Amino acid sequence: MKTLLAAIFVFPALAQQSPPCAIGSIERITASEIRIRNGPRLLLDGATEIVKAQGRSLKPGEEVSIRCGGTGTRTPTAVKIWANVVDFAAVVRYVNPSSVEVVSLPREERKIVAFYPATAFSTSKKDLTVGQELRIVGVDIGDGNVDAIRITIYNTDLFINRFKNLK
C-alpha cells in the first residue's frame with residue numbers, strides 16, 4: 001500500500017491519465033476509422049479530439065497515442081488522439097514498473113515517460129536504472145507526460161563472445 005501511495009504522489013498526472021488503447025504509427029486513416037501499424041482498428045467520429053502541434057490533418061506514418069471510449073463495443077472509438085511527437089535525451093531519476101521519471105537534457109525539464117507493451121526498447125526495460133542515460137521518442141500528452149514509442153538505453157554494452165565456435 002505504501003508503494004502504491006508513493007507512486008500516486010510521485011506521478012500525480014500519470015495517475016489521472018487512462019492508458020492508451022493504441023500507440024504507434026498510423027497505417028491508414030479515413031474519416032471514420034484509424035488503424036495503427038501492428039495495432040487495432042479504431043472508429044473516429046465528430047467528437048474525436050485531435051491534439052497536434054501543427055494544424056495539418058493526420059496522415060499515415062505519423063506517431064500517435066490514442067485514448068478510447070466505447071469499451072463495451074467490438075470496435076472502440078478514439079476519443080482523443082495526441083500527435084505531438086517529441087525526441088529528447090534524458091537521465092533517469094526514478095524507475096516505476098510502467099514508467100520512469102526523467103530529467104530532459106539539456107533543458108533539465110522533469111518528465112514522466114510511460115511505456116507500454118508496444119514501446120520498443122533498444123535492449124530491455126530491465127536495463128532501466130537511476131542515472132541511466134536515455135534517448136526517448138514519444139508522444140507529448142501534456143503536463144510533462146510522454147507516452148514512449150521508442151526508448152534507447154545508452155551504456156548497456158552487451159557481451160558478445162565472437163570466438164565461442166573457435167577452439
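Predicted model: local features only at pLDDT ≥ 70, side-chain atom pairs only at ≥ 80, totals over all residues.

Two strands count as paired if DSSP finds at least two bridges between them. By that criterion strand S8 (residues 99-105) pairs with S9, to which 5 bridges join it, and the two strands run antiparallel.

**The chain overall**
- The secondary structure of the chain comes to 2 helices and 12 strands, and along the sequence the pattern reads α-α-β-β-β-β-β-β-β-β-β-β-β-β.
- Of the 167 residues in the chain, 39% are buried, while the accessible surface comes to about 10,200 Å², with 53% of that belonging to carbon and sulfur atoms.
- When contacts between residues at least 6 apart in sequence are considered, 55% of them join residues at least 24 apart.

- Strand S9 covers residues 110-114, and because 4 of its 5 residues are buried, the strand is largely enclosed by the rest of the structure.

- S8 and S9 form a hairpin with 4 residues between them, and in the turn Glu108 has a positive phi of about 55 degrees.

**The parallel partner, S12**
- S9 is also joined by 3 bridges to strand S12 (residues 145-153), and these two strands run parallel.
- In this pairing, Ile112 stands opposite Asn145, which belongs to S12.

Note on methods:
Residues numbered from 1 in each chain as written. Heavy atoms only, no water. Buried < 20%, exposed > 50% of the residue type's maximum accessible area, 1.4 Å probe, protein only. Contact = heavy atoms within 4.5 Å. Areas by Shrake-Rupley, 256 points an atom, 1.4 Å probe, with all protein chains shown as cover.
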